[in-house]
Amino acid sequence: MCKRGEKIRVVGVSRGNEYSPNHVDNDAAILRLAAEALERMGCEVTIYPEKEFVAQNIEGEFIFDMARDRATIERLKKLEDGGALVVNSAYGIDNCVRQQMTELLVANEVPHPRSFIISTDEKFTPSVFPCWIKRGNSHAMVKEDVVYVECREEAEVVMADFRKRNIPVAVVNEHLVGDLVKFYGVQGTDFFYWFYPSPCSHSKFGLEKINGVAKGIPFNEEELKKYSDMAAEVLNVPIYGGDCVVSADGELKIIDFNDWPSFARCREEAGVKIAECIYNRVKKKQMKK
């Protein structure tokens with residue numbers, strides 16, 4: 001811990017409300033809990049809304065963030081390139097954009113559904129029905145950015161909507177039948193939490209109902225943590241969450257991965273572990289000086 005009079009100054013950047021659909025309070029709560037835990041460790045923490053962070057040209061040697069706005073991410077990249085420690089990295093946040101995430105997970109052999117990346121200017125050619133069509137150039141911001149379809153006609157309607165909204169690329173994932181599992185983790189700590197979303201209605205857009213109520217198919221929890229940590233390493237997001245489908249034979253495939261989610265069901269414990277992750281990285285950077 002920091003000695004008295006030697007406080008480490010840490011900057012926090014909150015997520016803009018428009019990037020927290022149906023989770024504004026939850027996202028604010030987990031950032032606040034992480035900040036409070038860092039303060040108990042002896043750090044001096046100042047939190048800025050992401051637009052204010054950019055407008056005021058805020059600088060810092062140690063930064064933790066839930067950024068999503070394009071201007072904020074570019075600002076954080078500039079600071080990282082100049083030597084600042086940023087958790088999660090702005091480069092990692094960009095890696096979690098759907099197209100990049102899909103390409104990186106597949107290339108690094110993280111278990112993932114059969115997927116296609118297609119231009120919305122083209123006809124829908126994949127024959128993987130039923131499937132999910134997802135906005136490829138950003139995180140999902142509205143329900144229409146992630147759509148389940150069962151036939152080519154429905155797929156063409158989605159593609160037309162993407163074109164109308166100037167979304168240039170779509171990611172197509174085959175639909176996996178099985179139990180939907182949500183998980184949260186903090187790399188470099190012992191924290192890992194998973195749950196079935198269906199019984200408790202934990203949802204951003206209500207899409208979990210497609211998979212239905214989980215049957216409780218047995219699976220290897222250590223294997224899920226291993227794959228999740230693999231994805232976190234590949235994508236460069238130590239503070240993470242995601243979704244996985246467990247097939248009838250217990251096979252696991254990660255279908256989505258997010259940089260710094262809300263940790264809504266386990267935020268008290270997660271906030272402490274997130275602070276631990278940030279603090280350890282700060283101390284490691286200081287030791288290299």
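Biologist: Hi! How do H1 and H8 lie relative to each other?
Modeller: Hello! H1 and H8 are oblique to each other. Keep in mind that this is a predicted model.

Biologist: Okay, and what is the angle between H1 and H8, and how far apart are the axes?
Modeller: H1 and H8 pack at an angle of about 55°, and their axes are 8 Å apart. An angle and a distance between axes are how two packed helices are described.

Biologist: Is the crossing of H1 and H8 left-handed or right-handed?
Modeller: Right-handed, as H1 passes H8.

Biologist: Which residues in H1 and H8 meet?
Modeller: From H1 there are Asn26, Ala29, Ile30, Leu33, Ala34, Ala37, Leu38 and Arg40. They meet Arg267, Glu268, Ala270, Gly271, Val272, Ile274, Ala275, Ile278 and Tyr279 in H8. By class, the residues of this contact of H1 with H8 divide into twelve nonpolar, two polar and three charged.

Biologist: Let's stay with H1 for a moment. How many residues does H1 have, and how far does H1 reach?
Modeller: H1 covers residues 24–40, which is 17 residues. From its first C-alpha to its last, H1 reaches 25 Å, close to the 24 Å expected at 1.5 Å a residue. After H1 comes glycine 42, with a positive phi near 105°.

Biologist: Which residues of H1 are buried?
Modeller: Asp27, Ala29, Ile30, Leu31, Leu33, Ala34, Ala35, Ala37 and Leu38. In an α-helix with 3.6 residues a turn, residues three or four places apart point the same way.

Biologist: New topic: H5 and H7. At what angle do their axes cross?
Modeller: H5 (residues 98–107) and H7 (residues 221–235) cross at roughly 120°, and their axes come within 10 Å. That angle makes H5 oblique to H7. The crossing of H5 and H7 is right-handed.

Biologist: Which residues make the contact there?
Modeller: H5 brings Met101, Leu104 and Leu105, while H7 brings Ala231, Val234 and Leu235. This contact of H5 with H7 has six nonpolar residues, with no polar and no charged ones.

Biologist: What about H3: what should its twelve residues span?
Modeller: At 1.5 Å a residue, H3 (residues 70–81) should span 16 Å. Its end C-alpha atoms are 17 Å apart, which agrees. The buried residues of H3 are Thr72, Ile73, Arg75, Leu76, Lys77, Leu79 and Glu80. These buried residues pack against S1, H2 (50–55), S3, S4 (85–87) and H4 (90–95).

Biologist: Now some loops. Where is asparagine 57?
Modeller: Asparagine 57 is in the loop between H2 and S3. Its relative accessibility is 46%, so asparagine 57 counts as partly exposed. Asparagine 57 and arginine 75 are 18 residues apart along the chain, and their C-alpha atoms are separated by 8.3 Å.

Biologist: Last one: is valine 128 buried or exposed?
Modeller: Valine 128 is buried, because its relative accessible area is 5% and buried means under 20%. Valine 128 lies in the loop between S5 (115–119) and S6 (131–135).

Biologist: Which residues does valine 128 touch?
Modeller: Leaving aside residues up to four places away in sequence, valine 128 touches Arg114, Phe116, Val172 and Glu174. There is also valine 149, 21 residues apart from valine 128 along the chain, with 9.9 Å between their C-alpha atoms.

Key: Residues numbered from 1 in each chain as written. Predicted model: local features only at pLDDT ≥ 70, side-chain atom pairs only at ≥ 80, totals over all residues. Heavy atoms only, no water. Axes fitted to C-alpha atoms, helices over the stretch in contact; angles between N-to-C directions. Helix = DSSP H or I, 4+ residues; strand = E, 2+ residues; numbered from the N terminus. Parallel < 35°, antiparallel > 145°, perpendicular 65-115°, else oblique. Left-handed = near helix turned anticlockwise from the far one by under 90°. Contact = heavy atoms within 4.5 Å. Nonpolar A, V, L, I, M, F, W, Y, C, P; charged D, E, K, R; others polar. Expected span 1.5 Å × (residues − 1). Buried < 20%, exposed > 50% of the residue type's maximum accessible area, 1.4 Å probe, protein only.
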